Amino acid sequence: AAYGSNHPSVATTLCNLALLLLRNNNNGDAMELLRQALVIDEGSLGKHHPEVARDLSALGFALMMVGNLVDADAVTRRALIILLMFRRETGHRHPNEPRILADFVNILREMGSSEVEIQNIINGIFAESGISILDDEVLSDFPAEDPPNIPSQGVGPHYEVDGNGVIRRVPVSQLDSQGNNIKRLQAVYPR
């Protein structure tokens with residue numbers, strides 16, 4: 001089955017490819033793909049869908065990587081608000097909410113906000129969203145030295161972009177225990 005260029009599955013693929021580009025320090029191309037994914041998801045799912053929050057969170061990380069902390073703050077804050085709206089509407093915390101909250105806290109720290117300022121900002125966002133802060137949502141859960149995370153590829157379906165820009169699946173048999181492509185490593189680092 002073929003998807004149109006504005007299908008949410010295309011946005012998910014663009015977001016995943018962007019995360020790979022971020023891992024390879026190709027931040028400009030990654031941000032362009034993340035912006036495309038965001039436009040697709042906003043258009044097909046609506047501006048307040050959790051997939052939009054995923055796109056915003058990834059874009060916030062990319063912006064932080066290039067030192068654009070003001071925009072990283074804005075898009076990650078918006079991602080957090082979307083997931084707090086999800087919690088208010090469903091009564092359940094979205095699985096991505098704790099990670100996005102941790103990323104937001106780290107961006108605020110990078111911007112030089114004190115722990116008291118950060119707690120006040122978070123309290124305000126939660127209050128505006130109609131959500132009470134839970135005991136497990138305290139700043140001590142987010143140590144200052146923990147950077148925002150790009151998910152580890154790990155072992156499992158593994159995709160890489162070849163020299164021609166084509167996305168190819170790498171068989172699990174060609175991966176080491178950390179998800180690295182053994183053949184590619186041997187080609188880059190011959191013995």
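User: What makes the crossing of α3 and α5 left-handed or right-handed?

Analyst: In this predicted model, α3 passes α5 in a left-handed crossing. That term applies if the near helix is turned anticlockwise from the far one by less than a right angle, and right-handed if clockwise. Residues are numbered from 1 along each chain as its sequence is written. Local features need pLDDT of at least 70, side-chain atom pairs count only at pLDDT 80 or more, totals for chains, interfaces and linings use all residues, and side-chain values use heavy atoms, with hydrogens and water left out.

User: Why is α3 called roughly parallel to α5?

Analyst: Their axes, lines fitted to C-alpha atoms over the stretch in contact, come within 11 Å and cross at roughly 25°. Angles under 35 degrees count as roughly parallel, so α3 is roughly parallel to α5.

User: Which residues of α3 and α5 meet?

Analyst: Ala53, Ser57, Gly60 and Met64 in α3 meet Arg99, Ile100, Asp103, Ile107 and Glu110 in α5, with contact meaning heavy atoms within 4.5 Å. By class, that contact has four nonpolar, two polar and three charged residues.

User: How do you know whether serine 57 is buried or exposed?

Analyst: Serine 57, in helix α3, has a relative accessible area of 4%. Buried means under 20% (1.4 Å probe, protein chains only), so serine 57 is buried.

User: And why does serine 113 count as buried or exposed?

Analyst: Serine 113 is in the loop between α5 and α6. Its relative accessibility is 19%, so serine 113 counts as buried.

Definitions and conventions:
Helices (H or I, at least four residues) and strands (E, at least two) are DSSP runs, numbered from the N terminus. Buried means under 20% relative accessible area, exposed over 50%, partly exposed in between (1.4 Å probe, protein chains only). Axes are lines fitted to C-alpha atoms, for helices over the stretch in contact, and angles run from 0 to 180 degrees between N-to-C directions. Angles under 35 degrees count as roughly parallel, over 145 as roughly antiparallel, 65 to 115 as roughly perpendicular and the rest as oblique. Ala, Val, Leu, Ile, Met, Phe, Trp, Tyr, Cys and Pro count as nonpolar, Asp, Glu, Lys and Arg as charged, and the others, Gly among them, as polar.
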